[in-house]
Amino acid sequence: MSRTAHAAQFAPPPDAVDGRRNLVGLSREGLAAEIAALGEPAFRARQLWSWIYHRGATDFAQMTSLAKTLRAKLAESHEIRRPEIARTQASTDGTRKWLLRFPDGQEVESVFIPEEDRGTLCVSSQVGCTLTCRFCHTGTQRLVRNLSAAEILGQLMLARDALGEWPSSSRGRLITNLVMMGMGEPLYNYENVAQALKILMDGEGIGISKRRITLSTAGVVPAMRRCGEELGVNLAVSLHAVTDELRDQLVPLNRKYPLAELLAVCRGYPGTHNARRITFEYVMLRDVNDSPADARALARLLRDIPAKINLIPFNPWPGAPYECSTKAAIARFADILHDAGLTAPVRTPRGQDIMAACGQLKSASERLRKTERDTRAAEA
Ligand code: SAH
């Protein structure tokens with residue numbers, strides 16, 4: 001399926017509940033048009049932008065710089081919506097996971113990962129995923145639909161609410177970085193992801209710098225080019241294998257965009273130089289892709305790309321067909337890469353006890369339905 005057909009087939013529902021239109025997720029121009037339609041001057045749109053994205057207001061009544069009559073008018077026809085929180089979980093290591101529910105009942109997860117020198121919010125782009133990577137739990141969930149720009153943005157706005165991180169200019173915030181690494185393939189939902197990221201990066205609002213945003217893709221080659229040119233965020237590529245033969249199995253998207261094409265587009269990714277490298281994610285699967293020969297081939301493959309490799313110990317999930325590589329195999333693999341002059345940190349799994357680690361996300365409702373199914377099957 002083409003990316004355009006995919007976007008049309010999996011489009012999010014219209015963003016109005018009880019006839020009230022959500023203002024979150026509109027571009028600056030979109031917001032200006034909305035306000036102009038109410039017969040208001042353009043500077044009101046700028047004020048609203050600041051209330052929504054700088055102050056984090058969720059209620060028009062808070063917007064004291066707007067006339068009372070306008071506040072009342074807006075409250076009748078519009079809203080500033082957050083996703084509903086279906087469940088919050090906290091790991092013993094400080095990681096937090098939110099299961100969010102949208103008005104049509106669909107759900108996704110987002111994860112906050114605190115570290116010593118920064119805090120990262122991991123955001124989802126789709127309900128489920130069509131890529132069916134064999135080692136990924138989300139891939140076992142049927143793709144239900146793309147998220148709208150509002151639903152993508154809503155994940156960060158809600159995390160900021162929960163952590164008390166408004167206004168945007170406040171210092172010492174916990175969420176400093178954002179990664180599009182949750183459920184879904186962000187580049188199969190490019191338009192909505194791009195709109196959300198542009199709003200997030202707007203300096204008069206949330207104002208997260210593109211240097212602190214990383215988009216992870218399994219390798220949707222044509223959209224990678226666009227992402228670099230239009231958004232300029234950091235890129236992470238889920239590589240996981242050094243031959244087409246193996247990558248075809250692990251990441252079926254490789255059959256459409258094989259390694260040579262993928263690496264060619266990485267070489268041309270705008271802004272890539274030594275200070276701004278592309279991250280290559282490599283999940284460590286025992287006896288599958290973790291041999292010293294694999295490590296040497298990986299170093300050769302990336303030798304002419306400013307690259308950083310993230311070695312991700314495989315995070316298990318119920319019924320997964322793989323095991324994590326041994327500690328010794330991971331250490332040996334990393335040593336070979338270091339000797340070849342590559343940066344290759346091993347990613348510490350975070351939030352494993354609450355199924356919040358890489359590749360473990362999947363909506364709880366899906367799990368529940370499956371558990372119910374299993375229980376019923378066992379009873380029958
Ligand atoms: N679709 C995008 C975004 C998902 S990011 C992508 O493929 O990049 C999530 C990262 O976790 C990807 O690198 C993915 O390959 C990796 N991953 C998936 N399942 C995993 C698992 N069980 N253990 C460790 N990493 C996993």
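Me: Is His137 buried or exposed?
Reply: His137 counts as buried, because its relative accessibility is 5% and the cut-off for buried is under 20%. Keep in mind that this is a predicted model.

Me: Where is His137 found?
Reply: His137 sits in a loop, the one between strand E8 (126-127) and strand E9 (145-146).

Me: And what does the side chain of His137 reach?
Reply: The backbone oxygen of Gln360, at 3.3 Å.

Me: Switching to the ligand. Which residues come nearest?
Reply: There are 20 residues around the ligand, and those that come nearest are Phe135, Ser216, Ser238, His240 and Asn315.

Me: What does Ser238 do there, in terms of distance to the ligand?
Reply: One of the polar atoms in the Ser238 side chain is 2.6 Å from a ligand oxygen atom.

Me: How much of the ligand does the protein bury?
Reply: The protein buries 96% of the 540 Å² that the ligand exposes when taken alone.

Me: What classes of residue make up the shell around the ligand?
Reply: The shell has 10 nonpolar residues, eight polar ones and two charged ones.

Me: Which strands supply at least two residues of that shell?
Reply: Strand E11 (213-217), strand E13 (278-284) and strand E14 (307-313) each do.

Me: New topic, the open sheet of three strands. What is its order?
Reply: The order is E1-E2-E3, and the pairing is mixed. Strand E1 (16-17) and strand E3 (78-79) are the edge strands, since each pairs on one side only.

Me: In which sense do E2 and E3 pair, parallel or antiparallel?
Reply: Parallel: strand E2 (residues 20-22) and E3 are joined over two bridges. Opposite His78 in E3 stands Arg21.

Me: Last one. Where is the place of Phe43?
Reply: Phe43 belongs to helix H3 (residues 42-55).

Me: How far apart are Phe43 and Ala32?
Reply: In sequence they are 11 residues apart, and in space 8.5 Å from C-alpha to C-alpha.

Note on methods:
Residues numbered from 1 in each chain as written. Predicted model: local features only at pLDDT ≥ 70, side-chain atom pairs only at ≥ 80, totals over all residues. Heavy atoms only, no water. Pairing = 2+ DSSP bridges. Helix = DSSP H or I, 4+ residues; strand = E, 2+ residues; numbered from the N terminus. Near = heavy atom within 4 Å. Polar contact = N/O pair within 3.5 Å; in protein donor to acceptor, adjacent residues only side chain to side chain. Areas by Shrake-Rupley, 256 points an atom, 1.4 Å probe, with all protein chains shown as cover. Nonpolar A, V, L, I, M, F, W, Y, C, P; charged D, E, K, R; others polar. Buried < 20%, exposed > 50% of the residue type's maximum accessible area, 1.4 Å probe, protein only.
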